[in-house]
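Trainee: Please give me a close look at a single part of this model. Then set that part in its surroundings.

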Amino acid sequence: MQSPTRTKLIEAFSNANGEFLSGQALADILGCSRTAIWKHIEELRKEGFELEAIRNKGYRIINTPKNMTENELRLGLKTTIFGKTIHYLESTDSTQKVAHRLAQEGCPDGTLVIAEEQTNGRGRLARVWHSPKYTGIWMSLVLRPKLPPAKAPQFTLIAAVAVAQAIEDVCKISPDIKWPNDLLLNGKKITGILTELQADSDKIDAIIMGIGMNVNQKEADFPIELHDIATSLAIETGKEISRSNLVKRLLENLEKYYLIYLKNGFAPLKLLWESYAVSLGKDIIARTISGNIAGKALGITDEGVLKIQDYNGQIHEIYSADIEI
Ligand code: BTN
């Protein structure tokens, strides 16, 4: 993690909204000398920020780095909980593994672990999650809601809505949600969500919410076996997408829906989720650990459980499955 002074400096520039901040004002906000400010400004420049410095006016940011950096993620981030603590890693085996460790060590609610590359990224059912360098968003959030463990699966649905809206905001395309954890564009996967738990029998200690988004990969960046089932936002839009903008919008949306959920439960978010859901009203097969159920997807309950009506008219409530449409 970077020094708290650097974090405060970027917060000061965020609050200034592109206006100049004098060296003295920065020294007062940060509680350090003007020489120390100058050194931190130089470090920001090395990170790829372009700063204008004018005598008698001070400093302002005029351009941000091309790559995703920790400070670029913080600049202009409008959250109060999510992403206030950031662990930014150039490379790691799995952000999910790092987040689990940090959660056990007592990290705060909303801690973000984000990596440029994962060498052992994993998905549901211990599948491999392909995470090549500088192309996607590989992140895990630690959440600490005061709730019973049975509520954890709803967080996957909340995350799916937040991701869908972030994609709409930044890329101007609308993805489909496939219950419970996939986001699709033209039938191919662009995002997967992995919700894991640290809990005792009656209360959650931490939810580790892993999100993997395929952003700027080209077709050749995917292994051949994924060509028919996975795609990226760049492939679908024909444009390179700013990963840091996407992460910021995602954190803001997630925090908004997390707070609504904590106050009012899942019911107010259910309609929103259903508006993105691709399988509702369609014939599907749910592959569960106790066998396959084929039928029509009716919708989800107020708890986020999928309801399927089989061809004998019987209604099944599905808590966990792979869905084939
Ligand atoms: C799935 O669709 O099976 C879920 C995929 C989740 C992948 C993300 S990438 C960031 C985090 N770290 C991991 O190792 N996995 C999750």
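**The hairpin of E7 and E8**

Mentor: Start at the turn. Two residues lie between the strands in the hairpin of E7 and E8, and asparagine 186 there has a positive phi near 50°. The model is predicted: local features need pLDDT of at least 70, side-chain atom pairs count only at pLDDT 80 or more, and totals for chains, interfaces and linings use all residues. Numbering starts from 1 along each chain as its sequence is written.

Strands here are DSSP runs of E, at least two residues long; helices are runs of H or I, at least four long; both are numbered from the N terminus. Two strands count as paired if DSSP finds at least two bridges between them. E7 covers residues 182–185, and four bridges join it to E8 in an antiparallel arrangement. In that pairing, aspartate 182 faces glycine 192 of E8.

Now follow E8 onward. A hairpin of four residues leads from E8 to E9. Nine bridges hold this antiparallel pair. Threonine 195 is opposite methionine 209 of E9. In general, strands of a sheet pair through backbone hydrogen bonds, parallel or antiparallel.

The ligand comes next. Its shell has 21 residues, the closest being Ser94, Gly123, Gly192, Gly210 and Gly212. Strand E8 (188–199) and strand E9 (204–213) each supply at least two shell residues, as do helix H5 (95–104) and strand E5 (137–143). By class, the shell holds twelve polar, six nonpolar and three charged residues. Nonpolar means Ala, Val, Leu, Ile, Met, Phe, Trp, Tyr, Cys and Pro; charged means Asp, Glu, Lys and Arg; the others, Gly among them, are polar.

Step back to the whole protein. It has nine helices and 14 strands. Its radius of gyration is 21 Å, close to the 20 Å that the globule rule gives for 325 residues, so the protein is as compact as a globular protein of that length. The radius is taken over C-alpha atoms, and the rule is 2.2 Å times the number of residues to the power 0.38. Buried residues make up 38% of the 325. Buried means that 20 or more other C-beta atoms, placed from the backbone, lie within 10 Å of the residue's own.

Conventions
Near = placed C-beta within 6 Å. Buried ≥ 20, exposed ≤ 12 C-beta atoms within 10 Å, placed from the backbone.
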